[in-house]
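Please open the model in your viewer and keep the selection panel at hand. The tour below moves from one selection to the next and says what is there at each stop.

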Amino acid sequence: MPEPVSFTLNGTSITVETSPETPLLWVLRESLGLTGTKYGCGVGSCGACTVHLDGAPIRSCLYPVASVAGKAVVTIEGLAPSDDLHPVQQAWIAESVAQCGYCQSGQIMAAAALLAATPDPSDEQIAEAMSGNLCRCGTYPAVRRAIKLAAGGTGA
Amino acid sequence: MTAFTLSRRTLLGATIAGAFSVGIRFSEPELIREATAAEPVPFGAWITVHPDNTIEIALHKSEMGQGVSTALPMLVAEELDADWDTITVRDAYGRPEYGTFGMQFTFGSMSVSTSWLPLRTAGAAVRAVLLEAAAARWEVPVDTLRTERSMVLHDATGNAATYGELAADAALLPLPAQPALKDPADFTLIGTNVPRRDSVAKSTGTASYGIDVVVPDMLVAVPLRPAAFGAVPESWDESVALAIPGVVAVKPLPAPGAGMDSGLAVIATGFWAASQGRDALAPTVVWTAGTALADDAAITAQLEALLAEPAPLAFEVGNPEAAIQRTKTRVEATYTTPFLAHVTMEPMSAVAHVRADAVEIWTGTQAQGFIFPLVEQLTGLPRTAIVLHQQYLGTGMGRRVETDVVADAINLSSMMQAPVKVIWPREEDLRHDFYRPATAHAITVGLDPSGRPFTWNHRLAGESNITRYAFFSATGPTGDTIDPMMVSGLTDPFRYPVPHRRIESAVASSGVPVGFWRGVGETNNAFVVESMINELAEAAGTDPLQYRLDLLADDPRSVAVLSLARDESGWDTPPPAGIGRGVAFTDFGGSRVATVIEATIVDTAPRILKATVAVDCGLVVNPVIAQQQISGATITGLSAALLEQVVIAEGGVQQRSLAEYPLLRYDQAPEITVVFVPSAEPPTGLGEPATVTAPPALTAALWAVDGLRRRSLPLR
């Protein structure tokens, strides 16, 4: 049965009325029209559906919407704090990371969460944070360059 | 029903982000008003000049990450001297000019090479008539005019006019068929790192893929097809699916084409309800028996049986049967490769709205030209009643050459009399793909006294695409029907000079559907040939890179690529102990690629450390995009070599999720260096070649570590 579920989405309090076990991914995509978060596997293997839950990167395909009640969800649409793009998005564009682009929202959300927690990550920390996000086009080396650029490094 | 509250800020954020993706800038409000006062002026198939001086360029190829939505407009804009910052790009179809070999499609790594002259010519022709129009208007000689950023300028008088202001006059003039093209030395766009037009949209979540499309009153359907290929549903209990809130209907789903599987579809108000309905329905379905071979053991046995008998002759030169008897040193080997799935990141998806007199389709497709006949056949409506809204492709890989999901959407929209979005759950995508064929190869190569290959006798067996695509078939030298793609890279042109060569190819019939996977036949054949070349180098006692240089000495471009790979990879400096280096080479449609891989073995597991890829693809239109293609293709090839294998069990694909079909991940990917040989030759393809060199370079690197030849993929 549909129930109201309230949470904060991209800085704004919202209430959705939906069956509480619906994964957050499909509430975002189909109920709220935020299609930047992608469906790739439905089992948490690919990372295309990565969003932030209270700042932490999560697989939105695995979270029943009821489980985010009262929490703060940020999607790719709300990542930028202002009209300027988020530094990770700017680095992504500067390094021409995206190819087909389908996984990139998830990649960017994973990278942004990493840099929020670890502003100057080591190669090992980047690998640990990014290895849950699959990319069929093989953009991984560019992902590494962009994260280092966003972290203030040279991207080398 | 779902109710929701959406903040103004969220909507505003999406709108602002969306504006970035359009890429149009109106700097003057006046220009917008003018735009509404006059009509856009089309010039042929490719260019429309708008009164506000934006130049609209037709894109006849699919953007699947390979950068055509940037690289192809660059060709037009270069010769037109269009202002890159104000061009717009429109997906286009329906004119013969958009076809390649008579059909509009995007595969085979030929978008830039086949567009190189037509698109530049189109830009130059329109520039020529704009110049003529300005010359007439100002009564000055045309050769006193110049063009810059979508304007014609007459420096002596200071006269200036935008293309938009001249377009109506210019449209009255005939377009020259063979306008002068620029000297490459004068290029200002081609050869530069023009930023990808899709970068902002793809970094802000605003790029629209087929799965993202929303049409008013749309339903969402998911298919349920059999676990075993060829099985059809006999009975089922739809009430369990209809009991799920949001589920609207359960329908029999026809086979989308010959040799493809029928099944059932659950139609609902959204994906989650449809997916839950599918899960409830699945255990109630009674399926007939499947029609494919039972498992990998049976498939392997069939391939081995085919290899044991003479097979249809695909190619022969010299007298290989006699020549092999004259060689003292022979290398014999058997190689096998597995079925591979495409695993496009975006699962198969399409939206269709079939009405009595018109059809609209929203999807990302590599096969625009195949969709129209399909829809005509399914709906009985004429071509003129069909509208295709091309979307970004969430990976192509060859999977979106197929139109099966479009057929599903058309069929279900017709049944439901409503717009329907079809989304294949990942399980369906994995289990009802058109797989890269599994193959087996038996090869005997005899060397001449100097260690060069003298005779190459090669028999292979595997599934063929011509079972479904008969028009691709060819006839062998003794009249047999041959699949040219199955033997591509083995017949002619062959990369290495071998005086006596015989290629036999046997078509297997496992019942597993096959298709086109990034690199197609060469994904199998380059692995086998390049691995054999490495084995021959060992038999000849020669360094494998030097062995190739010696064999390819007559082709300076191949020599240059191998030499560049040698220098950039530090080939002549031995790697540290425990690290191996391997090389492989291809000439793929004219693009020469040499890949050097450094790898090691940790415990028993291969670990890829570094890749160096040297490329001659002619003139590089956009270096950043070219680098992306080579780097990405290398990772695709390494993923296949190391990890990927479709497992057949009980007549179908065993894997149901990405957890069971591993792909290369970030922490398994090497550093990659890509270098290009400077060239002014016409461009050749970049999408596929580096996919096929990575696997044999990797196995050669591992051989250098432990001395074991790896003749069967994947390595895990």
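Domain bounds, as used here, come from an automatic or database domain assignment. This is a predicted model, in which local features need pLDDT of at least 70 and side-chain atom pairs count only at pLDDT 80 or more, while totals for chains, interfaces and linings use all residues. Residues are numbered from 1 along each chain as its sequence is written, chains are lettered from A in the order in which they are written, and side-chain values use heavy atoms, with hydrogens and water left out.

**Stop 1: chain A and its domains**

Select residues 3-77 of chain A, which the assignment gives as domain 1, and then residues 87-150, which it gives as domain 2. The centres of these two domains of chain A, taken over C-alpha atoms, are separated by 21 Å. In the contact between them (heavy atoms within 4.5 Å), domain 1 of chain A takes part with 16 residues and domain 2 of chain A with 12 residues.

Together the two domains of chain A bury about 1100 Å², with 59% of it on carbon and sulfur atoms; buried area is the accessible area (1.4 Å probe) that two parts lose on being put together, summed over both. Across this interface in chain A the rule finds 0 salt bridges, a salt bridge being a side-chain nitrogen of Lys or Arg within 4 Å of a carboxyl oxygen of Asp or Glu.

**Stop 2: chain B by confidence**

Chain B averages 94, and 95% of its residues score at least 70. Residues 1-37 of chain B, however, have a pLDDT below 50, although this stretch has 48 contacts in the model beyond near neighbours in sequence.

**Stop 3: where chain B meets chain A**

Select the residues of each chain that touch the other: 67 residues of chain B are in contact with 62 residues of chain A. The two chains, B and A, bury about 5300 Å² between them, 56% of it on carbon and sulfur atoms.

How many salt bridges does the rule find across the interface of chain B and chain A? The rule finds 4, and one to display is that of B:Glu671 with A:Arg144, whose closest N and O atoms are 2.8 Å apart.

Key: pLDDT is the predictor's confidence in each residue, from 0 to 100.
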